[in-house]
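The sequence and structure come first.

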Amino acid sequence: MKKSFLQSIGPGLLFAGAAIGVSHLVQSTKAGAEFGFGLLWALLLVHLFKYPFFQFGPRYAAATGETLLDGYRKLGKAVLVAYYIINFATMFTIQAAVTIVTAALASQLFGVTNDLVLWSIILLFISLIFLVVGKYKLLDNAMKYIIVILTISTVIAVLVALFSTKEAFDVTQILPSGTVEITFLIAFLGWMPAPLDISIWHSIWSVEKDKTTVLKTKPKDAIFDFNIGYIGTLFLGICFVLLGALVMYKSGETFSDKGSIFASQLINLYTKNLGDFSYIFIAIAAFTTMFSTTITTLDASPRAMNRTTKLLFNKELKYGYWFWIVFLFVGTFLILKYFMDNMGLLVKVATILSFLTAPFYAILNYLLITGKHTPKKHQPNIYLKILSIVGIVFLVGFSIWFLINM
């Protein structure tokens, strides 16, 4: 029995759903608004140099039937302990960042209340119910439709903006200078297209996908699935940069760090091009995108922490996954309680932390996929190995450059 095309697609779109969120709606749009087309080089380079390390997640899972976390344990217990600490330190901030943006959009779309902390609690609770009822399969199926809706609405907005603009295009590329601009660049690179630890999530989703199907996913199919999601994130990243550049660059308008104001600006960015009639459609598309990110992160971090706990202590809690979800829920609430007045700072902290930890994941993924724990026939070819080494140099180099210029 052969899998249909739609059945074989899954974890790659979950990757896209997790990636297309703050990095696109917030960071890419800001990049276009503040630098025009000047940071397209950064967008393209970071996609190129992060590609191997994201791809190694589904490649390893399909080749071995294990998650990357199982592989990390084989590299040494210290490696897994380091991941455990890093993930514990960042997962609350990441969840808080995506949830507060979603809450801001919900406030604009549904009204009811402007209390973003209350909206965050409501959204997290709904996400929790979604995961309890539907588990992986519902998440997998829903993402196919969410990505299609977002892509169509975004492409229409970009096309209208392109045809309606009267300004001449300036594609001069810019290397930011000064602490503020360099900090923004690193934040932009940190979550574009996503934090590298999502490669771990992807490997977990790949293993979960195989549990729901009769036929196991072959490595080449897993890579094909991933490539679809990855190309989608690149394409939409470019679209959001174009929107920011075409509508806001040199307009004198800048994005607010206040969540509710930013959400209003973001939706108006679309309706300014498509017309007021499109407000509801665009607001729903933007909200759905961020809500999907909220759900995927709420699902993935607890899965990762639960698996890591089992591998470290050789004991699995009966309700470990739900324990970590509740723990993440509470931790996210506490962060939002004290940081919700400055969404920009929250997003910036999360994105910078993600970039500074990227070399750690890049090196681990490379060592694992090219080492004895991955069958030779499933290891990357020489070109992908070279790209990986250059990518590691790129990530380490930019991290050092940022730390020197802080």
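In this predicted model, helix α4 (residues 40-64) packs against helix α10 (residues 219-247) at an angle of about 160°, and their axes are 9 Å apart. That makes α4 roughly antiparallel to α10. The contact of α4 with α10 has 17 nonpolar, five polar and two charged residues.

| Helices | Angle | Axes apart |
|---|---|---|
| α4 and α10 | about 160° | 9 Å |
| α5 and α9 | about 115° | 8 Å |
| α9 and α12 | about 90° | 10 Å |

Axes are lines fitted to C-alpha atoms, for helices over the stretch in contact, and angles run from 0 to 180 degrees between N-to-C directions. Angles under 35 degrees count as roughly parallel, over 145 as roughly antiparallel, 65 to 115 as roughly perpendicular and the rest as oblique. Helices (H or I, at least four residues) and strands (E, at least two) are DSSP runs, numbered from the N terminus.

Helix α5 packs against helix α9 (residues 198-211) at about 115°, which makes α5 roughly perpendicular to α9. From α5 the contact (heavy atoms within 4.5 Å) takes L68, L69 and Y72, and from α9 it takes S199, I200, S203 and I204. Five of the residues in the contact of α5 with α9 are nonpolar, two are polar and none is charged. Here Ala, Val, Leu, Ile, Met, Phe, Trp, Tyr, Cys and Pro count as nonpolar, Asp, Glu, Lys and Arg as charged, and the others, Gly among them, as polar.

α9 is also roughly perpendicular to α12. W201, I204, W205 and E208 of α9 meet residues of α12 that include D299 and R303. This contact of α9 with α12 divides into five nonpolar, three polar and three charged residues.

The whole structure holds 29 aromatic pairs. Rings of Phe, Tyr and Trp (its six-membered ring) pair if their centres lie within 6.5 Å; planes under 30 degrees apart count as stacked, over 60 as edge-to-face and the rest as tilted. F88 and W324 form an edge-to-face pair, 6.4 Å centre to centre with 80° between the planes. F88 lies in helix α6 and W324 in helix α13, so the pair ties together parts that are 236 residues apart in sequence.

The mean pLDDT (the predictor's confidence in each residue, from 0 to 100) of the chain is 82. Over residues 1-6 the pLDDT is below 50. Where pLDDT is low, the predicted coordinates should not be read in detail.

Residues are numbered from 1 along each chain as its sequence is written, and side-chain values use heavy atoms, with hydrogens and water left out. Local features need pLDDT of at least 70 and side-chain atom pairs count only at pLDDT 80 or more, while totals for chains, interfaces and linings use all residues.
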